[in-house]
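Open your viewer, get your selection tool ready, and let's take a walk through this model together.

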Amino acid sequence: MKCKSELQQFKVSTQLSMLGRNPDEQSGFVNAPIYRGSTVVYKSCEDIRNKKAKFSYGTAGTPTIENLENAWSILANAAGTVISPSGLGALALALFSVTQAGDHILVTDSVYRPTRNFCNSLLTKYGVSVTYYDPLLGGDIERLIQKNTRVILLECPGSQSFEVQDIGAIVSVAKRYNISTIIDNTWATPLFFKAHEHGIDLSVEAGTKYLSGHSDLLMGVVSANASHWPALRAAYDAMAMLPGAEDCFLALRGLRTMHLRVKEAEARGLEIANWLKIQPEVSRVLHPAFEECPGHENWKKYFTGSTGLFSIILKDRFNLNNVDDMLDNMRIFGMGFSWGGFESLIIPFDCTEYRTATQWAPEGMALRLQIGLEDIDDLKQDLSDGLKRLYNR
C-alpha cells in the first residue's frame with residue numbers, strides 16, 4: 001500500500017482501489033492473503049520475554065486485520081482504527097474507551113435502539129448515567145451538561161426517524177467543556193461525511209452495511225483522532241474484540257466498490273423517494289436531502305451526499321392491519337433490520353415506546369426503506385402494488 005500522503009493525492013475511487021493491499025509484499029498477487037491464527041512463534045527467549053514481534057499473539061491482530069485498519073484510517077482521515085465483530089460492538093468499544101464509573105453521558109434520542117439498550121443496561125450497571133436529548137437541540141445541548149458529563153453521542157441522521165443534527169454546534173459545545181464526542185456515521189460513511197474533519201473524536205460505523213455491501217458479514221469500525229487513539233487502542237487490546245479473518249477479507253473486497261455502490265444507492269434512493277412523495281397514500285418522506293426532513297439544513301451544511309436508506313409516513317387513514325397486508329405480500333422488498341446490501345428491504349417501525357426526550361407522534365404509520373440494486377421500475381411496481389393493498393380492509 002502506498003503511504004498516506006501519496007494516496008491522498010488521488011480521488012477517492014482511486015484510493016479505494018489501492019488501500020489495504022501491497023502486491024510487492026504479496027508475491028505480486030493483487031489482493032492480500034487471509035491470515036488465520038492464534039499462536040505467534042518467537043525466535044529466541046529474549047524475543048519472547050520482550051515480545052519482539054509485530055503481532056505478539058492472535059488477539060493483538062493479524063496482517064489481514066491491520067490491512068483493513070490502515071485502509072479505513074486513511075479513508076476516514078483518522079489517527080487510527082480498530083475493527084470489531086459488529087456495529088453494536090464498535091459502539092460499545094467506543095463508549096468503554098472514554099467512560100468510567102461516575103461519569104454522565106448525553107445520547108441523542110434518535111439513537112439506534114440496540115445502542116440505547118446497551119446504555120440503559122450495561123453502562124448504567126457500571127455506574128455511568130445517561131441522559132437522552134432532542135436530536136435537533138444543537139448548541140442548546142449546553143444546558144444539559146453536568147459537572148461529570150464526559151461524552152456526547154450523536155447519530156446523524158437517526159437510523160429510523162432521520163433527524164439530522166447540528167454537528168458543528170454540538171462539537172463546539174463539547175470542546176468548550178472538554179467532552180468527548182462519538183458519532184454513529186453508518187448512514188453516510190466517510191465518503192459523504194468526514195467525521196474527524198468536523199471535530200468528532202470517535203467515529204463508529206457498522207461495516208455490516210455499506211462496507212460489506214453484500215449482507216454476508218457482521219463488522220464494526222471505530223476510528224479515532226490523535227487525542228483519542230491511545231485510549232481506544234488500549235480498550236480494544238484489553239477486550240480483544242477482534243473480527244474474523246474471512247470477514248476482514250470480505251470487507252477489504254467490499255471496500256474496492258464501496259464508492260460506486262454508495263453513489264448508486266444515493267441515485268436510486270433519491271429516485272424512489274421522489275416517486276413516493278407523489279403517491280396518494282404517502283403523507284411525508286423522511287429523507288435528509290428533502291426540505292421536509294427534520295434538520296435538512298444541517299444535512300446541506302455538513303454532508304456531501306445521501307445514501308439509500310430513508311423512511312416514509314403514510315396517510316393517517318391506514319392502520320396496522322393495512323400495513324400488514326401491504327408488507328406481507330411484497331414480491332421484491334424483503335423485511336429485515338439491516339441495510340446497505342444489494343437487496344431492497346422494508347420494515348414498519350414505531351419509536352413511541354422508547355423515545356424519552358422527544359415525542360414520536362407522526363400522523364400515520366411509518367415504514368423504513370433500503371433501496372437495493374434491483375431494476376428501478378420493478379421496485380416502483382412492487383411498491384405501487386403494495387400501496388394499493390393498503391385499501392384491502
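The tour below goes from aromatic rings to packed helices and then to some loops.

**Before you start**

This is a predicted model, in which local features need pLDDT of at least 70 and side-chain atom pairs count only at pLDDT 80 or more, while totals for chains, interfaces and linings use all residues. Residues are numbered from 1 along each chain as its sequence is written, and side-chain values use heavy atoms, with hydrogens and water left out.

**Stop 1: Phe303 and its surroundings**

Select Phe303. Which residues touch the most other members of the largest nonpolar core? They are Ile167 and Phe303, in a core of 90 residues. A nonpolar core here is a set of buried Ala, Val, Leu, Ile, Met, Phe, Trp, Tyr and Cys residues joined through side-chain atoms within 4.5 Å. Buried means under 20% relative accessible area, exposed means over 50%, and partly exposed is in between (1.4 Å probe, protein chains only). In soluble globular proteins, nonpolar side chains tend to be buried together.

Now show what surrounds Phe303. Leaving aside neighbours within four places in sequence, Phe303 is in contact (heavy atoms within 4.5 Å) with Cys156, Val164, Ile167, Trp187, Ala188, Phe192, Phe193 and Asn298. Another core lies apart from this one; it has 25 residues, including Trp275, Leu314, Ile346 and Ile376.

**Stop 2: the aromatic pairs**

Rings of Phe, Tyr and Trp (its six-membered ring) pair if their centres lie within 6.5 Å; planes under 30 degrees apart count as stacked, over 60 as edge-to-face and the rest as tilted. By this rule the count comes to six aromatic pairs. Phe193 sits in the loop between α8 (189-192) and β6 (202-206), and Phe303 in the loop between α11 (296-302) and β9 (309-314), so the pair ties together parts that are 110 residues apart in sequence. Helices (H or I, at least four residues) and strands (E, at least two) are DSSP runs, numbered from the N terminus. Phe193 and Phe303 are both buried.

Next, select Tyr210 and Trp339, an edge-to-face pair with 5.6 Å centre to centre and 70 degrees between the planes. Tyr210 is in the loop between β6 and β7 (220-224), and Trp339 is in the loop between α12 (320-327) and β10 (345-349), 129 residues apart. Tyr210 and Trp339 are buried. Then bring in Trp187: ring pairs link Trp187, Phe193 and Phe303 into a cluster.

**Stop 3: a cis peptide bond**

Go to Cys156, one of the contacts of Phe303. Is the peptide bond from Cys156 to Pro157 cis or trans? This bond is cis, with omega near -5 degrees. Pro157 belongs to the loop between β4 (149-155) and α7 (167-176).

**Stop 4: two helix pairs**

Colour α5 (residues 87-98) and α9 (residues 229-239). Their axes come within 9 Å and cross at roughly 115 degrees. Axes are lines fitted to C-alpha atoms, for helices over the stretch in contact, and angles run from 0 to 180 degrees between N-to-C directions. On the α5 side, Leu93, Phe96 and Ser97 make the contact, and on the α9 side Ala231, Leu232, Ala235, Tyr236 and Met239.

Then try α4 and α10, which pack at an angle of about 35 degrees with their axes 9 Å apart. Here Thr64, Ile65, Asn67, Leu68, Ala71, Trp72 and Leu75 of α4 meet Ala245, Cys248, Phe249, Ala251, Leu252, Leu255 and Met258 of α10.

**Stop 5: loops and backbone angles**

Select Lys51, in the loop between α3 (45-49) and α4 (63-76). Lys51 is not a glycine, yet has a positive phi of about 50 degrees. Lys51 counts as exposed because its relative accessibility is 56%. Not counting residues up to four places away in sequence, Lys51 touches Tyr42 and Ser56.

Ala240, in the loop between α9 and α10 (245-277), also has a positive phi of about 50 degrees although it is not a glycine. With 32% relative accessibility, Ala240 counts as partly exposed.

Finish at Thr59, in the loop between α3 and α4. Thr59 touches Ala240 and Leu242, not counting residues up to four places away in sequence.
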